[in-house]
Amino acid sequence: MPHALNINGLTHTLDVDDDTPTLWAIRDLLGMTGTKFGCGAGLCGACTIHVDGKPVRSCITPVSAMAGKRITTIEAIGATPTGARVQKAWLELDVPQCGYCQSGQIMSATALLAANPKPSDADIDAAMSGNICRCGTYLRVREAIKHAGAYPTTSKKGA
Ligand code: FES
Ligand code: FES
């Protein structure tokens with residue numbers, strides 16, 4: 001049946017089964033490949049998107065759960081004030097190694113900083129523990145989150 005997905009400010013109507021994973025819709029049907037497939041089971045965080053500003057694992061979230069919601073993917077996160085600061089910090093600290101997990105890391109980090117602009121190490125660990133990095137970039141991820149939190153903000157709020 002038709003499902004209207006609001007992704008990065010545009011509405012896409014897809015005729016797919018209710019239980020189609022949102023990740024499939026985003027990557028395979030709409031061609032936005034910045035969001036990655038890792039485990040397919042909600043365990044690695046590679047597929048993280050924002051749904052109404054909150055981090056969500058798109059591999060285990062069906063399109064039927066997206067009615068009336070606002071989806072943001074890595075392709076548009078840099079257009080948000082917090083996302084722009086996170087991407088800047090990622091570049092300045094040269095965080096990625098192979099890069100595969102990094103869009104998910106950035107989406108989770110952005111959601112964290114939008115809700116908590118000055119997170120402690122414990123806050124960062126709690127928010128980021130579901131994002132697995134096989135290259136072991138965890139220390140740089142943590143430093144980049146702190147770095148992004150230290151930038152002057154140009155806007156009051158926003159994921
Ligand atoms: S691919 Fe979704 S959590 Fe691993
Ligand atoms: S940078 Fe390679 S998996 Fe994270």
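User: How many residues of domain 1 are in contact with domain 2, and with how many residues there?

Analyst: This is a predicted model. The protein is divided into domain 1, residues 2-76, and domain 2, residues 78-150. Counting heavy atoms within 4.5 Å as contact, the tally is 18 residues of domain 1 against 15 residues of domain 2.

User: What area is buried between domain 1 and domain 2, and what share do carbon and sulfur atoms give?

Analyst: The centres of the two domains, taken over C-alpha atoms, are 20 Å apart. Between domain 1 and domain 2, about 1200 Å² is buried, and the carbon and sulfur share is 57%.

User: Which residues in domain 1 lose the most area to domain 2?

Analyst: Three residues together account for 36% of what the domain 1 side buries. They are His-50, Ile-74 and Ala-76.

User: How many salt bridges and how many residue pairs in polar contact are there between domain 1 and domain 2?

Analyst: Salt bridges between the domains number zero. Polar contacts are counted with both residues at pLDDT 80 or more. On that basis, the residue pairs in polar contact number nine.

User: Which element gives the most to the side of domain 1 that touches domain 2?

Analyst: Three elements each supply at least two residues to this side: β3 (48-51), β4 (54-57) and α2 (74-77). The top contribution is three residues, and it comes from β3.

User: How many nonpolar, polar and charged residues does that side of domain 1 have?

Analyst: Here the residues touching domain 2 are sorted by class.

How values were computed
Residues are numbered from 1 along each chain as its sequence is written. Chains are lettered from A and ligands numbered from 1 in the order in which they are written. This is a predicted model: local features need pLDDT of at least 70, side-chain atom pairs count only at pLDDT 80 or more; totals for chains, interfaces and linings use all residues. Side-chain values use heavy atoms; hydrogens and water are left out. Domain bounds come from an automatic or database domain assignment. Buried area is the accessible area (1.4 Å probe) that two parts lose on being put together, summed over both. A salt bridge is a side-chain nitrogen of Lys or Arg within 4 Å of a carboxyl oxygen of Asp or Glu. A polar contact is a pair of N or O atoms within 3.5 Å; within protein, one must be able to donate a hydrogen and the other to accept it, and residues adjacent in sequence count only if both atoms are side-chain atoms. Helices (H or I, at least four residues) and strands (E, at least two) are DSSP runs, numbered from the N terminus. Ala, Val, Leu, Ile, Met, Phe, Trp, Tyr, Cys and Pro count as nonpolar, Asp, Glu, Lys and Arg as charged, and the others, Gly among them, as polar.
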